[in-house]
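These are my notebook entries on a structure I went through today.

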Amino acid sequence: MKFTLSWLKDHLDTTADARGVAEAMTMAGLEVEEVTDPTAALAPFTVARIVSAERHPNADRLQVCQVETVDGPKEIVCGAPNARAGLVTIYAPIGAWVPGLGVTLVEKPVRGVVSNGMLCSAAELELPGDSDGILDLPADLAVGTPAAEVFGAEPVIDFEVTPNRPDWLGVDGIARDLAAAGLGRLKTPAIVPVAGRFACPVSIRLEAPGLCPVFAGRVIRGVTNGPSPEWLQRRLAAIGLRSINRLVDVTNLIAYDRARPLHVYDLASLKGGAVVARGGTDGETVAALDGKTYAAAPDICVIADDDGGRAIGLGGVMGGETTGCSDATTDVFLESAWFDPLATAQTGRTLGISSDAQYRFARRVDPGTVVPGIELATRMILDLCGGEPSEVVVAGEAPAAPTAFAFDPARVGRLTGLDVSPERTAEVLTALGFAVETGDRWTVTPPSWRADAHGPADLIEEVARIVGYDALPSTPLPDLGAPSAGLLSPLQARARRARRALAALGYAEAVTWSFTSQDIARAFGGGDDRLRVENPIAQGLDCMRPSILPNLIQAAARNADRGHPDVALFEIGPVYRDDSPTGQRTAITVVVAPHAARHWSGAGEDPLFQLKGDLMRLLTLLGAPAGLQTVQDPERAPTDGWWHPGRSARVQLGPKALIAQFGALHPATLKTLDAESPMLGFELILEALPEPRGAKTKSRGPANLSTLMPLSRDFAFVVEDRIPAGDLVRAVQGADKARITEVAVFDVYRGKGVEPGFKSVALEVTLQPDQATLTEAEIEALSAKILAAAQKLGAALRA
Amino acid sequence: MTDLNQLELDLINAIGSAEGVQALEDLRVSALGKAGSISGLLKGLGAMSPDERRTEGPRINGLRDRVAAALAARKAELAAAELEARLKSEHLDLTLPPRPARSGSVHATLQVMDEMVALFADMGFSVAEGPDIEDDFHNFTALNFPPKHPAREMHDTFFLRPDPETGERKVLRTHTSPVQIRTMMSTTPPIRIIAPGRTFRKDSDATHTPMFHQVEGLVIDRDIHMGHLKWTLETFVARFFEVEGIDARFRPHHFPFTEPSAEMDIRCDRSGGVLKLNEGDSWMEILGCGMVHPNVLRTCGIDPDEYQGFAFGMGVDRLAMLKYGIPDLRPMFEADSRWLSHYGFSAFSAPSPAAGLS
């Protein structure tokens with residue numbers, strides 16, 4: 001919403017300048033977006049008169065003018081064809097910055113004649129208008145008059161109107177708040193009704209009171225339309241509105257002056273004697289004033305004539321092409337109606353149409369302005385166009401005014417902490433238009449334009465904002481004491497620990513979109529239509545992600561495209577299984593593109609086992625229960641299809657519960673994401689990992705530091721190649737859970753000496769005696785148990 | 001006499017020039033071994049007269065002790081020389097680089113979220129969470145957005161496809177306020193929570209991304225008023241930016257879910273691309289807040305005549321940018337490894353009241 005300072009001053013008696021007004025607006029809750037002050041740019045320019053104009057001695061197209069200026073007589077070279085003796089125009093002195101040219105004037109000879117300034121065109125001053133030559137101003141303007149004054153340039157304030165305050169869409173509403181805030185005295189001119197001279201020949205029929213419950217109309221005969229006077233054109237132009245003609249400009253002016261949209265019809269083009277406001281019919285179209293044709297519908301308000309048969313406008317939105325006013329118009333029908341806010345908002349969305357009227361009606365126009373609006377418009381039309389008004393006809397009834405409610409002024413202090421007397425509270429509310437009945441029990445009635453005020457909290461807000469938030473006390477929150485159990489849920493605490501752990505292990509945390517494309521979602525086990533975004537920001541971001549893997553793979557590929565292929569990324573964030581509140585899971589996902597530079601000491605550890613080690617370290621840090629298994633069984637417990645079938649495994653708790661999957665990513669999957677192989681990763685679903693059981697005590701129990709030496713024995717087993725080494729290790733561990741504390745794999749061998757299809761797996765088993773040093777016999781017995789356990793997997797000691 | 005002196009001289013010389021442990025051992029055996037020269041002399045003592053023994057005994061024993069000492073000294077010398085030689089041969093070129101380790105990092109947004117959690121935890125707030133995919137009730141209706149009201153349009157909501165059976169259209173939450181609703185509906189006051197999380201709006205330009213992060217707060221009790229709101233946010237913002245105090249102003253604003261509502265501005269100077277707080281004469285909006293609207297309390301089953309309180313919300317990514325001088329929003333979600341490394345944080349810089357925020 002834009003307005004000029006002088007416009008505001010028509011409603012508010014104040015000495016404040018634009019800056020002061022903007023400051024007061026800001027602190028009263030009217031969020032100023034911009035204050036533009038064209039007077040600053042026009043400051044150097046003043047009115048001048050050309051005394052004589054002679055042909056330039058060295059150039060046919062130039063003239064040397066003697067000019068009477070604010071700085072005295074000046075000789076100025078001018079190239080404009082309209083420069084002539086007696087012309088009143090605008091003079092720019094040396095040193096002035098000319099906005100339209102983007103230059104600062106310097107004194108320099110033009111073809112041998114020094115020009116002591118410049119005579120300006122409209123374009124050079126960035127003013128609208130004809131720029132064929134220098135400005136041609138009224139001859140009676142005094143030399144030295146500031147250009148800003150000549151052109152009526154003045155500061156324009158633009159501010160954001162919050163949806164709760166449609167009354168701020170009129171300058172009078174802004175003035176009311178500023179007056180309440182103490183910036184000046186409200187002086188909005190009262191509206192004096194204009195008596196009708198004859199009965200209104202047009203009747204009004206309301207067929208859809210849900211869309212248009214009240215409609216006032218009046219005919220004015222014998223008007224003279226045409227271009228608006230300078231002041232009106234200027235006022236509209238200052239806020240970015242184009243002047244059309246007097247009749248239309250009057251309605252536009254009142255829309256901004258009083259937040260009251262109106263419409264004016266050319267009476268000669270109206271068919272039949274009635275104007276009907278009704279719902280549209282399916283298949284009906286309306287040719288609107290913007291030159292476009294819109295499809296009506298039953299929930300769209302249509303204004304029709306010809307006994308309701310011809311649609312001539314979209315009610316509250318835009319008039320129709322067929323009944324618009326032109327310079328030839330002599331008789332008009334003036335409309336001041338009230339259209340339902342929700343219906344008007346919906347019409348705007350459905351038809352993709354917006355207008356000053358639609359914007360205001362959608363936010364709720366003050367129903368109290370239906371008749372005053374038509375009277376004010378009548379007065380202005382009579383002033384500008386002459387004519388003779390009919391009586392006003394009003395069809396329907398305005399929606400109910402806001403109802404009164406009880407208000408305890410002590411609640412202002414209770415809710416805000418402000419120290420405001422009941423007298424001041426009443427004063428503020430009254431200044432804002434509320435009717436306040438004080439006494440033991442206060443009753444407050446909001447004005448018709450404050451449909452947002454329903455109860456005490458609304459009044460408290462009004463008082464607080466007008467008294468000013470600067471007066472709020474600063475009161476420490478009561479100390480609740482720190483809670484003993486911490487403030488994070490176990491899940492939050494684990495996510496946080498995982499974040500720090502992965503960063504410490506060398507992974508860089510990324511945050512990527514929660515969306516991906518449906519195709520990619522499908523490729524990663526998701527893509528349900530219920531997780532499709534109906535209005536995505538881009539086609540590739542139209543589905544909620546089922547996994548973080550594709551996002552990190554794409555990120556790694558982008559890094560590679562930029563010449564940085566070696567990345568190790570992680571993200572801890574949501575993945576979506578369905579659209580219910582419980583369908584969201586927290587995934588901890590890592591993607592590694594292993595492209596480490598070569599190193600003098602050799603290749604180092606296989607990146608995939610490095611990754612597995614990091615995953616296991618992470619699981620330990622997160623308090624994963626003992627008994628997590630790495631299961632690599634493509635037949636019975638395969639990993640998902642986006643993993644390399646031979647180089648991926650599941651981390652399970654027990655035979656079924658999946659905690660994580662890790663491995664190399666499937667080259668075909670990578671290819672569809674335009675990523676180069678190899679990439680490795682894991683995805684861990686945090687919710688799947690059971691929380692450590694809450695112990696009754698923080699005590700850790702005795703440490704049991706045995707005084708007995710542990711001993712180790714090596715075993716080399718020959719086992720079928722298809723048996724995972726992990727199974728063998730687990731079998732050996734299970735041979736004596738109490739005394740076997742560790743089983744390390746120190747060699748895996750295939751080749752000479754081992755039958756094809758078999759491998760040799762060498763284990764170092766650490767034994768911890770519990771009661772006493774183990775005797776040879778006990779060690780023998782334990783070895784036998786280990787052999788027996790391994791034999792169950794078909795393993796035999798290597799000969 | 002001369003024999004003993006000569007013997008000692010010869011032995012000490014031989015020991016002194018013995019090269020290697022074996023040569024030294026041979027000398028020991030030749031002097032002090034069973035058949036050694038000194039051992040032989042000691043054996044000869046038995047055949048001597050008591051007088052001779054009295055004079056020769058100490059001489060021979062003294063010789064034995066001196067030779068033994070010389071042997072030990074030379075042995076230590078040789079061992080040291082041998083160790084030195086071995087160590088010299090074990091030379092490693094330590095100017096060679098170690099295997100480079102990737103240096104990991106914590107994302108700036110999540111680091112800042114941790115900072116916020118630490119600060120609010122210190123003020124007695126706990127952390128609440130809720131789903132990103134919300135229903136219309138929790139995201140709008142319960143927050144006092146009337147159906148079809150223009151205020152809803154200001155949120156640029158992402159919608160999911162309507163459910164084929166119920167026709168219900170889920171939304172991606174446009175703020176974390178639904179978490180406040182869920183908290184108020186499931187617990188009883190006093191309530192003191194923050195709700196951090198992902199939020200979504202259909203907006204994409206230099207300063208907006210379709211996904212961003214918010215931290216919202218909610219305090220409900222019998223006597224919580226706007227002065228508490230002011231103190232809480234002034235205290236938070238000063239501590240967050242790690243300054244002693246903050247020059248802030250509260251400006252009336254409109255949100256459907258709070259009344260009175262405000263935006264908080266801080267005084268700052270941003271010339272030269274660096275944020276200088278409490279300087280200059282421009283105000284920058286950093287968060288929205290207000291007293292929870294009675295309709296919201298009522299919807300959540302809390303009696304607004306008995307309980308009242310405040311709520312606030314801020315953009316985490318934006319505050320991270322402001323605090324750490326991150327110029328652009330969009331790269332925060334692009335996972336460029338160079339960006340992550342430059343603007344990321346060490347795993348070991350977890351914010352704590354003792355070590356400070358950053």
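This is a predicted model: local features need pLDDT of at least 70, side-chain atom pairs count only at pLDDT 80 or more; totals for chains, interfaces and linings use all residues.

**Entry: the sides of α17(A)**

I looked up burial next. Leu611(A), Asp614(A), Leu615(A), Leu618(A) and Leu619(A) are the buried residues of α17(A). They cover an arc of only 135° around the axis, so they sit on the same side of the helix. On the other side I noted Phe609(A), Gly613(A) and Thr620(A), which are exposed.

What do the buried residues of α17(A) pack against? I listed α14 (490-504), β34 (584-593), β35 (628-631), β37 (657-665) and β38 (680-685), which belong to chain A. After the helix comes Gly623(A), with a positive phi near 75°.

**Entry: Leu684(A)**

I then picked a residue in strand β38 of chain A, namely Leu684(A). Is Leu684(A) buried or exposed? I counted 24 other C-beta atoms within 10 Å, and the cut-off for buried is 20 or more. Leu684(A) is therefore buried. I set aside neighbours within four places in sequence and looked for contacts of Leu684(A). They are Ala587(A), Ile588(A), Ile659(A) and Ala660(A). I also checked the distance to Ala453(A): 231 residues from Leu684(A) in sequence, and 51 Å in space, C-alpha to C-alpha.

**Entry: positive phi in chain A**

Most residues other than glycine have a negative phi, so I looked for exceptions. Asp674(A) has a phi near 55°. I placed Asp674(A) in the loop between α18 (667-672) and β38 of chain A. Asp674(A) has 12 other C-beta atoms within 10 Å and is exposed. Asn704(A) also has a positive phi, about 50°, and is not a glycine. I placed Asn704(A) in the loop between β38 and β39 (711-720) of chain A. Asn704(A) counts as exposed because 7 C-beta neighbours lie inside 10 Å.

**Entry: cis peptide bonds in chain B**

Most peptide bonds are trans. Which bonds did I note as cis? The bond from Pro189(B) to Pro190(B) is cis, with omega near 0°. Pro190(B) lies in the loop between α8 (177-186) and β4 (191-200) of chain B. The bond from Glu259(B) to Pro260(B) is cis too, with omega near -5°. Pro260(B) lies in strand β7 (residues 258-269) of chain B.

**Entry: a helix pair in chain B**

I took α2 (residues 21-32) and α4 (residues 50-89) of chain B. Their axes come within 10 Å and cross at roughly 170°. α2(B) and α4(B) are therefore roughly antiparallel to each other. From α2(B), I noted Val21(B), Leu24(B), Arg28(B), Ala31(B) and Leu32(B) in the contact. They meet residues of α4(B), among them Val67(B), Leu71(B), Arg74(B) and Leu78(B). By class, the contact has eight nonpolar, no polar and four charged residues.

**Entry: chain B against chain A**

How many residues does each chain give to the contact? I read 70 from chain B and 79 from chain A. On the side of chain B that touches chain A, helix α9 (residues 226-240) gives the most, with seven residues. That side of chain B has 32 nonpolar, 20 polar and 18 charged residues.

Notes. Residues are numbered from 1 along each chain as its sequence is written. Chains are lettered from A and ligands numbered from 1 in the order in which they are written. Axes are lines fitted to C-alpha atoms, for helices over the stretch in contact, and angles run from 0 to 180 degrees between N-to-C directions. Helices (H or I, at least four residues) and strands (E, at least two) are DSSP runs, numbered from the N terminus. Angles under 35 degrees count as roughly parallel, over 145 as roughly antiparallel, 65 to 115 as roughly perpendicular and the rest as oblique. Two residues are in contact if their C-beta atoms, placed from the backbone, lie within 7 Å. Ala, Val, Leu, Ile, Met, Phe, Trp, Tyr, Cys and Pro count as nonpolar, Asp, Glu, Lys and Arg as charged, and the others, Gly among them, as polar. The arc is that of the directions from the helix axis to the C-beta atoms.
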